[in-house]
Amino acid sequence: ICTHRSSACCNGGGLAPPKPELPCLELSGTSMQHPNFAILTVHTESLGGGRVRFHDRSIEADQPVIVTNIEKVPAPECHYVCCLRTVFCCGFQCCCPSHPLDYYEADVLTFQEFAQRVKGMKVENLMFFIHGYSLTPRKVLPGFGGDHDFGSLYYPNTLVVPFIWSSVVVRDGALSITLGWMIDRARAEVAGGYINRFFVALNEAYNEHKEVKDLYEGGNVHLYAHSMGTYVLFNACKAIVMEKVKDVFNFGFVLVKQANAPPDWFHKEAENFKASGSKLVKAGNRVVVTFHSGDLQLMKLEKVDLATKIYGHNHLGIVGPGDIEHIPNMLAVAVKDICPKLDPGAHTFHKNPNFVKFIKSQMANSHDDGKRKVVAKLETKGDEKLPESEIVQVPHKQLENAKVVDDGEVVGIARKDDGTVVGITEKVVVTKQPTNADAELEEGVKVSA
């Protein structure tokens, strides 16, 4: 006989006493509580007064919401005397026909309220996190001490806000892993659509509220996707119409970590690049892809013939992105170069000190990438010789629109750091950068060639 109180059988069986809430996490000898925010792309039940309830088996959302003050609450009493879970349990979170394992309640925030909270905290960075396969909210939500709750390692300089999407929990075993992965893959496609909805709504708020617009000033918003969370992001990018999200799908740093996603996502001629990857690389000043040839979790999935026959390979996190010469703002990094002492088969390692240090440096460097110094020497305008160079400073992702201006009239072009010329106009010749290394490269300042 299995009642709700003993319903932990999908996690190994037996009675499961409630786990105590964790105290504040220690950072450098000081007790600091990472703020408790999340974005829910799962169904929520309104409790009134701006409060909602959700649980482990919540599926599709009506509309993604930002929540705070997240608390685990007792589950409703189960009235089933006998539960079929003990008879037919296949290892999935969805087995119980009655109740999930964990319930949560939280306060809903508008985009404006969220922006005001972040501003009041005076953090330097905001980082959205998309988690991976087979994870319950408890493992991801801030303050519950899960393996994927790593925000305290970045706070108070950076606020980490996870997207919670509906993911199944599975037991070990080839059948459970295979079926669980296939279910999660389908759910990841749905979650990608909801994340697109989130950014569309956020973009509308950006245009309506100064507080939301201020949140994006300075290029201090970043995006971190891990494992199957990268496949969620892959699908979000496919769904995105850039004109609808252009102001907010816009990051200083984008991390694609141990991607359980197609290996041709960033291949120049691939359909996956044209439909998805090309949007993502334009969205970040700096895009970093980490890969690990010994990743046991991804290797385990690659060895499941049924999955690869149906869906093709999804081991970008093992093989890396391939030739990225056509993506000047992308960096591909082998995990062993970041964490030389890491377990050879590691897949998660969010909390590895070397990896955290690496992410912090990438966020800091992406701020500089956001303002590239582009120098063009104008030799002629019609028949007239121009003796000076114009210095322009524009965001990297807007270089295609950069122009050199003389007396208010567009007369020239800009050049990327790699020497590629963009936006050519007639009768204007652009040569190499001036050799004056001491020139003050500020917007609108002219220096001698």
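The model is predicted. Its chain has 449 residues, and buried residues make up 54% of them. The secondary structure comes to twelve helices and 23 strands. Among contacts between residues at least 6 apart in sequence, 75% join residues at least 24 apart. The chain exposes about 20800 Å². Carbon and sulfur atoms supply 52% of that area.

Strand β3 covers residues 37-42. Six of its six residues are buried, so the strand is largely enclosed by the rest of the structure. In a regular strand the side chains alternate between the two faces of the sheet. The pattern in β3 can be read residue by residue. F37, I39 and T41 point one way, while A38, L40 and V42 point the other way. Both sets are buried.

Strand β3 has pairing partners. With strand β6 (residues 60-73), β3 pairs in the antiparallel sense over five bridges. Here V42 stands opposite E60 of β6. With strand β9 (residues 158-164), β3 pairs in the parallel sense over two bridges. In this pairing I39 stands opposite F163 of β9.

Strand β7 spans residues 103-109. Five of its seven residues are buried, so β7 too is largely enclosed by the rest of the structure. Strands β5 and β7 run antiparallel and are joined by five bridges. The bridge partner of H55 in β7 is Y103. Strands β6 and β7 also run antiparallel, joined by six bridges. In this case T68 has D107 of β7 as its bridge partner. Strand β6 therefore pairs with both β3 and β7, while β3 is largely enclosed by the rest of the structure.

The loop between β5 (51-55) and β6 holds S58. Is S58 buried or exposed? With a relative accessible area of 4%, S58 lies under the 20% cut-off and is therefore buried. Its side chain reaches the backbone nitrogen of H55 at 3.0 Å. Not counting residues up to four places away in sequence, S58 touches V42, H43 and S166. One of these, V42, belongs to the residues of β3 that are buried.

Helix α5 runs over residues 228-239. How far apart are its end C-alpha atoms? They are 17 Å apart. At 1.5 Å a residue, the twelve residues should span 16 Å, so the two values agree. Ten of the twelve residues are buried, which means that α5 is largely enclosed by the rest of the structure. The buried residues are M228, G229, T230, Y231, V232, L233, F234, N235, A236 and C237.

The largest nonpolar core has 66 residues. Those with the most contacts inside it are F128, F199, F249 and F266. Helix α3 (residues 174-208) gives the largest share of this core, twelve residues.

How values were computed:
Residues numbered from 1 in each chain as written. Predicted model: local features only at pLDDT ≥ 70, side-chain atom pairs only at ≥ 80, totals over all residues. Heavy atoms only, no water. Buried < 20%, exposed > 50% of the residue type's maximum accessible area, 1.4 Å probe, protein only. Helix = DSSP H or I, 4+ residues; strand = E, 2+ residues; numbered from the N terminus. Pairing = 2+ DSSP bridges. Contact = heavy atoms within 4.5 Å. Areas by Shrake-Rupley, 256 points an atom, 1.4 Å probe, with all protein chains shown as cover. Expected span 1.5 Å × (residues − 1). Polar contact = N/O pair within 3.5 Å; in protein donor to acceptor, adjacent residues only side chain to side chain. Core = buried A, V, L, I, M, F, W, Y, C linked by side-chain atoms within 4.5 Å.
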